[in-house]
Amino acid sequence: MRKARSLLILAALASGSALAQEKVTLRFTTWAGGDALKLLQSLAADYGKRNRNVTVEVESIPFGSYDQKITVQIAGGTPPDVGWVAERSVPGYIASRSLVNLRPTVASDASLVLNDYSPASLALWTRGDALYGLPFSFSPMLVYYNRDLFEKAGIPTPATLLRQNKWNYAAFEASASAIKKASPGAYGASLFRLDPQNWAGGILAAVYSNGGDVFGQDAASCALDSAGSVRAFELAQRMMRDGTAPRLGEQVTFASGRLGMYADQVSYSAQLKDVDFKWDVAPMPSGPSGRKTLLGQAGYAVFSASKHPREAQDFIKYLSSRAVMQRTAQFFPPPRRSLLNSSTFLKNPLISEASLRDAVLKQVGSARTLIVPTNWTQVNDVVVRNLERTLRPSANVGQELGRVCNEVDAVLKK
């Protein structure tokens, strides 16, 4: 009996050794750019040195077309092995059974310590006992502001207004107007990213703080025509009409130095390391319903059609290790609580510890994740198609958002 068991163990070891020696190339997709992409490429190379039989190819796809390309690749039988997945894409991928359940892998590795993750960061990825991804970023939307433009306008910065308990959307709008007046070649602020496809960013912080929402309960109905949502979009319309904010799709970046305030996440700071003006970050303004910003999440996932699921899951274990998350924390606020509240995250080369505490740590508790239906892509298409019409200077925003909701509700019923 003992001899037979030994033979079985030797056979298992031999099998494992054979798999370990097989040459494997993993495709790892991301939408990272700049220094964040360089870091991921460096991590992939480091992993290859530790696992000589595995090569990881990092492929960056623009965020606006990311899910569309991944979906096409899945349909064509050429999916990536490992990839970033944004929070609003998670329900669709899980519903279509495109992601591997990582629970057995996580359970077998004590170093991953799920108890260290914020429960809110795991809820999005969990269905029953299954876990379809491991988050690496847990980032609230915050305000980047150009200190030079504020100084030229002679007005207090968002940080100063925050200390005076005056940092609200009325102050945001007034500051933007003052910047535009002092610097006619610049804009005061923008609540939208350059690509209208990604409209669900800074404007959602304004929606939430005004008591509005995108969806009703369980994402079963549209709430963009609620009073709070209308107030937020009217703010954006008013600022575009007054010329204090760039029009939708106008290619004016914060990094150009021509934008006084811009809403994005910590990872955007990587694009600002070489700019020739002074800048800082602050929490989003407060509104009638308090300070409720958007919480962005993204995680690592293994695609079900991967030809190398074992190696892909091992690569995710490496990326989610404490040591690696310490390295990525400079761009992505870590979901591991022991790191988020440590000097690992707060010693950022571009943002002061005080600003990170105000803009990230103090906002996380009240920040909200946008929970979307499985057919979010179709819903998003409806909103994007109607955005310009809704925000045109003469538009009745409430009526326009009512039309949007009629279309969205029809999509949700399909």
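Here is a short chat about helix packing, pockets and a salt bridge in this predicted model.

Local features need pLDDT of at least 70 and side-chain atom pairs count only at pLDDT 80 or more, while totals for chains, interfaces and linings use all residues. Residues are numbered from 1 along each chain as its sequence is written, and side-chain values use heavy atoms, with hydrogens and water left out.

Student: At roughly what angle do the axes of helix α2 and helix α12 cross?
Tutor: Helices here are DSSP runs (H or I, at least four residues; strands are E, at least two), numbered from the N terminus. Axes are lines fitted to C-alpha atoms, for helices over the stretch in contact, and angles run from 0 to 180 degrees between N-to-C directions. For α2 (residues 34-50) and α12 (residues 309-319), the axes come within 11 Å and cross at roughly 120°.

Student: Which residues of α12 make the contact with α2?
Tutor: Contact means heavy atoms within 4.5 Å. From α2 come L43, A44, D46, Y47 and R50, and they meet E311, D314, F315, Y318 and L319 of α12.

Student: Which residues lie nearest the centre of the largest pocket?
Tutor: A pocket is an open set of points on a 1 Å grid over the protein atoms alone, where a 1.4 Å probe fits, with protein on both sides within 12 Å along at least five of seven lines; lining residues have an atom within 4 Å of a point. This pocket holds about 980 Å³ of space, where a volume is the space filled by probe spheres set on the points, joined across faces, edges and corners. Of its 49 lining residues, those nearest the centre are W31, R193, D264, S267 and Q271.

Student: Which element gives the most to the lining of the second largest pocket?
Tutor: That pocket has a volume of about 670 Å³ and is lined by 26 residues. At least two lining residues each come from α3 (63-75), α4 (90-95) and α17 (376-391). With eight residues, the top contributor is α3.

Student: How far apart are the closest N and O atoms in the salt bridge of D35 with K273?
Tutor: A salt bridge is a side-chain nitrogen of Lys or Arg within 4 Å of a carboxyl oxygen of Asp or Glu, and the whole structure has 17 of them. In this one, the closest N and O atoms of D35 and K273 are apart by 2.7 Å.

Student: How many residues apart are D35 and K273?
Tutor: D35 sits in helix α2, while K273 is in the loop between β9 (259-264) and β10 (279-283). The pair links distant parts of the chain, and the separation in residues is 238.
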